[in-house]
Amino acid sequence: MKLNIPEYISSINPYEPGRPIEAIEREYGIKNSVKLASNENPLGPSPKAVAAVQKHLANMHRYPDGSGHVLTGMLAQKYGVNSENVVIGNGSDDLIALLAQGFLGRGDEALMPLPSFLMYEISVKVAGGVPVMVPLKGLDIDLDAILSGITPRTTMIFLTNPNNPTGSHITKEVLTDFMKEVPENVLVIMDEAYIEFARDKAIFDALASPLEDPRIISLRTFSKAYGLAGFRVGYGIMDSPIAQILHRVRQPFNVNSLAQVAAAAALNDHEFLHQSVKTMHQGIDFLQEQLAGMGIQSFPTQGNFFLLDVRMDAGVVFQKMLAQGVIVRSMKSYGFKTYLRISAGLEEENRRFLRVLEQLLSEVGGMA
Ligand SMILES: *Cc1c(COP(=O)(O)O)cnc(C)c1O
């Protein structure tokens, strides 16, 4: 059969997600592995979320609340906005896709950093828009180059803050200057998936004074700091005319009821959030200190992950570590040929990563 596939769809490179630990263990015949590859929460989910979900299981013959009334209301209250300013999604991935579908006409352009989160490019293409990639400057998003990339067709700009995979960030001062140069009709989507981990008080936080600039949309997620990646819940805070468009485009039940219940409970679990952030900070500091002692350069981060330079083919190091049950992310396909990205794990996981890396590097005769 000859399929009729639009060119803008056939040109999409499939997203390769970090795979589940079980799938990797099966393929490589390993056990008890440590996964530091997907920026997940090593503490597991919020226990309050787990308890709430268990209680709610008996109601699963019912459709979810399509308006997400409870969760949306809690988020509105947390940030001092109205419910009309909140849109929840099946992960923040969903919100990225909804924004692209709602606002990109055929041939409209969306600017985004390269490398950054791959879902921007995919969602823009699926919507028939044109992704315009702007290379990083070192490890930082190049805001000047993004401004230079604006054309009359530019509809939206994606900024990741802190940035994945580099861990760099945009300060309030810098973003304020940037916004002065952005045309009035261009949306600026701040993907703040890791902002709970940010330690620099000068970072731009779109929800510090939400809706102050109606062009700015904040996207956040329960997948990282709240430990609910498997439930798929994200949200956006935005000017209500933008939210209304997303409500038109989205599926009526885009966030399932267990996910809504889990997220609402996690949002109230302040102790867990605090513990998550603290564990990640301790893990990052420990790892970076130990790596420095081993003569390995790692880079500053505002996220729960960071880049390190192993000074040899990152793909090879990835494979060798995998065989030892330590799963990391090679940055080779992102253009950083000798870099790995790892997220902080529990103390024992971090120690195991260091042991395996040290042994591996000594086997290859130290670093060139
Ligand atoms: C993990 C991540 C997200 C969150 O995605 P979800 O769909 O909410 O799980 C969003 N943006 C970036 C840059 C991420 O790394």
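User: Why is Phe306 called buried?

Analyst: In this predicted model, Phe306 has a relative accessibility of 0%, and since buried means under 20%, Phe306 counts as buried. The residue is found in strand S10, which runs over residues 305-309. Not counting residues up to four places away in sequence, Phe306 touches Ile284, Leu287, Gln288, Leu291, Ser298, Phe299, Thr301, Leu340, Arg341 and Ile342.

User: How far is Phe306 from Ser168 in sequence and in space?

Analyst: Phe306 and Ser168 are 138 residues apart in sequence, and their C-alpha atoms are 9.2 Å apart in space.

User: Why is Ser223 put in the buried class, and where is Ser223 found?

Analyst: Its relative accessibility is 7%, and because the buried class takes values under 20%, Ser223 counts as buried. Ser223 has its place in the loop between S7 and strand S8, the latter spanning 234-237. Leaving out residues up to four places away in sequence, Ser223 touches Leu228, Ala229, Arg232 and Val233. Asn39 is 184 residues from Ser223 in sequence and 9.1 Å from it in space, C-alpha to C-alpha.

User: How do you know that the buried residues of H8 lie on the same side of the helix?

Analyst: The buried residues of helix H8, which covers residues 172-181, are Leu175, Phe178 and Met179. They cover an arc of only 100° around the axis, which puts them on the same side of H8. In general, an α-helix has 3.6 residues a turn, so residues three or four places apart point the same way. On the other side of H8, Glu173, Lys180 and Glu181 are exposed. Among the elements that cover the buried residues of H8 are helix H7 (143-148), strand S5 (154-160), strand S6 (187-191) and strand S7 (216-221).

User: What makes H6 a mostly covered helix?

Analyst: Seven of the nine residues of H6 are buried, namely Met119, Tyr120, Glu121, Ile122, Ser123, Val124 and Lys125. The cover over these buried residues includes helix H1 (7-10), H5, strand S3 (109-114), strand S4 (130-135), S5 and S6.

User: How do H5 and H6 pack, and which residues meet there?

Analyst: Helix H5 (residues 92-103) and helix H6 (residues 118-126) pack at an angle of about 35°, with their axes 8 Å apart, and their crossing is right-handed. Asp93, Ile96, Ala97 and Ala100 in H5 meet Met119, Tyr120, Ser123 and Val124 in H6. By residue type, this contact divides into six nonpolar, one polar and one charged.

User: What makes the phi of Asn32 worth a remark, and is Asn32 buried or exposed?

Analyst: Most residues other than glycine have a negative phi, and most peptide bonds are trans. Asn32 has a positive phi of about 50° although it is not a glycine. Asn32 is found in the loop between helix H2 (21-28) and strand S1 (34-35). With a relative accessible area of 64%, and because exposed means over 50%, Asn32 is exposed.

User: What is the phi of Arg232, and why is Arg232 called partly exposed?

Analyst: Arg232 lies in the loop between S7 and S8, and its phi is near 65°, a positive value in a residue other than glycine. Its relative accessible area is 26%, and because that class lies between the 20% and 50% limits, Arg232 is partly exposed.

Key: Residues are numbered from 1 along each chain as its sequence is written. This is a predicted model: local features need pLDDT of at least 70, side-chain atom pairs count only at pLDDT 80 or more; totals for chains, interfaces and linings use all residues. Side-chain values use heavy atoms; hydrogens and water are left out. Buried means under 20% relative accessible area, exposed over 50%, partly exposed in between (1.4 Å probe, protein chains only). Helices (H or I, at least four residues) and strands (E, at least two) are DSSP runs, numbered from the N terminus. The arc is that of the directions from the helix axis to the C-beta atoms. Contact means heavy atoms within 4.5 Å. Axes are lines fitted to C-alpha atoms, for helices over the stretch in contact, and angles run from 0 to 180 degrees between N-to-C directions. A crossing is left-handed if the near helix is turned anticlockwise from the far one by less than a right angle, and right-handed if clockwise. Ala, Val, Leu, Ile, Met, Phe, Trp, Tyr, Cys and Pro count as nonpolar, Asp, Glu, Lys and Arg as charged, and the others, Gly among them, as polar.
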